[in-house]
Amino acid sequence: MINEEGQIAVDFLLGISLFLIALMFVVQFIPGLFMSGSAGESSLDYTAYRTATILTEDPGWWGNSTSSSTDWESHTNDIMRIGLAVDDDNSSKSTNRPNIISRDKIIAMMQVNESIFVDRLGLYDNVNDAVFSYGYNISIIKDKQYLSINNTAITRGDPAPPDRETSRITRLMLVETGRVAYINATELTTNLTLPSNTSLINVRGPLSENITIQLGQFDINGTNPSLKYVKLNGSTLTTSADYTVYEKNGATRSSPGSSLDTDDVLCLDFNSSLFEYNQTYSLELTFSDIRFTRSAPPYFEFTENCEPLYEPAYLNVEVWQ
Amino acid sequence: MKVFFRNEEGVSSLIEYIMLSVVCVGFFAILFLNSTQVFLDRPNEVVVEDEFTDIGNMMSTMITDMYVILPSNGQMETEYRIPALAGTGTYHINADAATSDQIIEVISYSTGKKVRVTIGGIASTMPINGSAQSSSTEHMISYDSTR
Amino acid sequence: MNDRAQIHTLEGLAAAILMTLTMLAVTQGTTIVTPQNELAMDVQLEQLAHDALAIVDMTPDTAIQYNLTECVSSWDMGESTGVGDNLEKLDEELAYLLPGIRYNVDLVYLSSGKVVTKPVIINGIATENDVVARRLVALTNETASTMGGGWNLADDEIKIVEVRMTAWKV
Amino acid sequence: MESLKDDTKGQWIALSGLVISLIIISLALLANQAVVAGFYSSNAALELPKENIRELNLQTRENARIAMDISREINASSNQSISTAYASIFDSCSSQMRYIYALHGETIDVTLANMTYNNSSSSGLVWANISFQDAKTNYVSAPEIIEVIK
């Protein structure tokens, strides 16, 4: 073996054997290397889809041996299905108002026991009888942040891991966030001692939800009509801490302009903590260049004329393995 | 004879040939022994699992979607197609476990592989039953409020 | 000991790595962008488009100022040419609800026995992966005249109009 | 073997290439099947006309409510009875819907089965038969009982 020409082939031989051994090793010992997208990833998409569908389009269901209905939020021990849609008719299983979400059901959802929650929404996988739960995050997003009800951010599950591939579905819905009354401003009255640019609204406490007063159809009698201040039982309230003012424009809100128009809708959001006692509160809204009728009581009763306030929000359901 | 031992060119090419052949034959032997397992069975298992999950999900998604619009008095039925083969084998879909487990099962005939897909708590309010075989591709889910 | 050929061994290893990487690239590349993800995205987009129309249709006035019926009622019967909008309010509301999604809206209704389709909001040309969401509204003379639209309905007439939204991702 | 010895590398690379290409072909066949997977579940979600059926149902309810208002107005201004006026308005609505649904290949039928109303308040009960059919799905709600509340 003095001739060195042969060594080139032996050398190559070593190389190719190493390569083949390495190849066999790689193929043998890393399963799924040459089969990407192994089972489960496509299933996650539809687990998320189904969960979001049930949550937004179904009112849920509870039942025991004697009775059953859709108001599972008040029978949390016998939950059969978790759905968030409001329902006018408790006895039928589905609702005529999909995508409209009940506040009580959201609150109840946040308190459901974790294992029941995962089981009822089917957030687990079962291959060859091996059961393992998915990671999930279910949250309601309004104005790019978590919706807050009773100072609780509405989000369940863990935050999505950034290094993992997740399946996410977003649904649009109307969420009940508080109580609202739309008031035609020409129907508002003021008492005989206050000036005519002030209107009185009675609110009966205690309240657990924030309230919104929407005012429209102003009777303008000046050049610069606007809201001056708000008093509750005689003491002036401060904006942003106690209440916020905005104008409603289609689906969007804008800060109130310098002067109101007859067809503008002025909204006032009041914090529920202002009305925490069992008594009747008197709200005094004072405007400039806007006129109200002066008359003896009764004044506008908010509590009797209010309805649920719905706001557009997004439901995010994110699932991973 | 000395000439033969002196001349090393032939030896080199012969040894080289033998060594190459041994490696080559060895490689192909390993390859043939393992090829079905490595290149067919394991990917097939992945494909089957994938497809079973897919089919189970189709059933489950369809039932969920149907459920939210079911009439309180009336009927609803919808046709669906399933593939005749998942990977290389036949299978059947079983919804009879749905009443207790809220689950749709897809089971392979040949290997017994089983994938179960959840259906989000619908079965607890409404009995779901039935099964389908992959031997025919057209099937139907039907609902009748009077039954 | 001859060490002249060592580089060939390294070359062999390098070749092995290169070839494995190539194979990986080929197999992973074909399966990562599988149509199933694309289909799942279609499902998601379609659901979102339906949701947006449903919400605008069912909303009480205290949530979104003008609902779908009111928006359609206010239509002046002019077709959109792509510049300026005919149903500005609806366009604003949909744009607010569907960030990152573009859409065109057509109205479909029966006019003297014939089905007519009128484009009312044009935001661009739909891409291949568009989805269509539909919603029906019922117009009466009362709603049409309150909203100042040009529908000219009789008092005893209900006009059924389909709002057809073609939506796509940008 | 002489040629193999002379040009060793090229031959081996060619052979390895052959082996690898065979492997890739078999993998591609399986990958192809995996690509088809995922199709069925999206198909279920995309093809079931869930929203169209629901919309038909909700719109029928809406029509039933509006038709009640209008037939009351007709009754007040002419001597036509509420039920006659109601039937004709309801029929006109369902025929308009039939045309619109036919545009996307769906056959629907909404007929008024019965209705009762309360003369003093503007409320009533309406029984409507709703049917929907497309290439794969058949939906019948008979009767859909609609409560009309002012």
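This is a predicted model: local features need pLDDT of at least 70, side-chain atom pairs count only at pLDDT 80 or more; totals for chains, interfaces and linings use all residues.
## A buried threonine in chain C

At 3% relative accessibility, T59(C) counts as buried, because the cut-off for that label is under 20%.

## A salt bridge between chains A and C

Across all chains, the salt bridges number 25. One of them brings together the side chains of R171(A) and D51(C), at 2.6 Å from N to O. This pair crosses between chains: R171(A) belongs to strand 12 (residues 167–184) of chain A, and D51(C) to helix 2 of chain C.

Are these two partners buried or exposed? R171(A) is buried, with a relative accessible area of 1%, and D51(C) is buried with a value of 1% as well.

## The five-stranded sheet in chain A

Chain A has an open sheet of five strands, in the order 17-16-21-14-23, and the pairing is mixed. Strand 17 (235–236) and strand 23 (300–301) are at the edges with a single partner strand each, so one side of each has no neighbour in the sheet.

Further in, strand 14 (residues 198–204) and strand 21 (residues 280–288) of chain A run antiparallel and are joined by seven bridges. If you want a spot to check on screen, look for S199(A), which stands opposite L285(A) in strand 21.

The side chain of R204(A) meets that of E304(A) at 3.4 Å, N to O. R204(A) is in strand 14 and E304(A) in helix 5 (residues 302–305) of chain A, 100 residues apart, so to speak a link between distant parts of the chain. E304(A) is exposed, with 57% relative accessible area, while R204(A) is partly exposed at 35%.

## Chain B

Chain B contains three helices and six strands, and along the sequence they come in the pattern α-α-β-β-α-β-β-β-β. How many of its 147 residues count as buried? The share is 53%. Among contacts with a separation of 6 or more in chain B, 62% come from residues 24 or more positions apart. The chain exposes about 6800 Å², with carbon and sulfur atoms supplying 59% of that area.

Chain B has a salt bridge of 2.6 Å (N to O) between the side chains of E138(B) and R81(B). E138(B) is in strand 6 (residues 138–144) and R81(B) in strand 1 (residues 74–81), so the pair ties together parts 57 residues apart in sequence. E138(B) is partly exposed at 42% relative accessibility, and R81(B) is partly exposed at 44%.

L14(A), L18(A), I7(C), L10(C) and L13(C) make a nonpolar surface patch of about 460 Å². Helix 1 (5–29) of chain A and helix 1 (6–32) of chain C each give two or more residues to the patch. Which helix gives the most? That is helix 1 of chain C, with three residues. On the chain A side, L18(A) lies in helix 1 and is partly exposed, at 34% relative accessibility.

Key. Residues are numbered from 1 along each chain as its sequence is written. Chains are lettered from A and ligands numbered from 1 in the order in which they are written. Side-chain values use heavy atoms; hydrogens and water are left out. Two strands pair if DSSP finds at least two bridges between them. Helices (H or I, at least four residues) and strands (E, at least two) are DSSP runs, numbered from the N terminus. Buried means under 20% relative accessible area, exposed over 50%, partly exposed in between (1.4 Å probe, protein chains only). Contact means heavy atoms within 4.5 Å. Accessible areas come from the Shrake-Rupley method with a 1.4 Å probe; for residues, only the protein chains shown count as cover. Patches are made of residues with over 30% relative accessible area and no salt bridge: like charges are joined within 9 Å, nonpolar side chains (Val, Leu, Ile, Met, Phe, Trp, Tyr) within 5 Å. A salt bridge is a side-chain nitrogen of Lys or Arg within 4 Å of a carboxyl oxygen of Asp or Glu.
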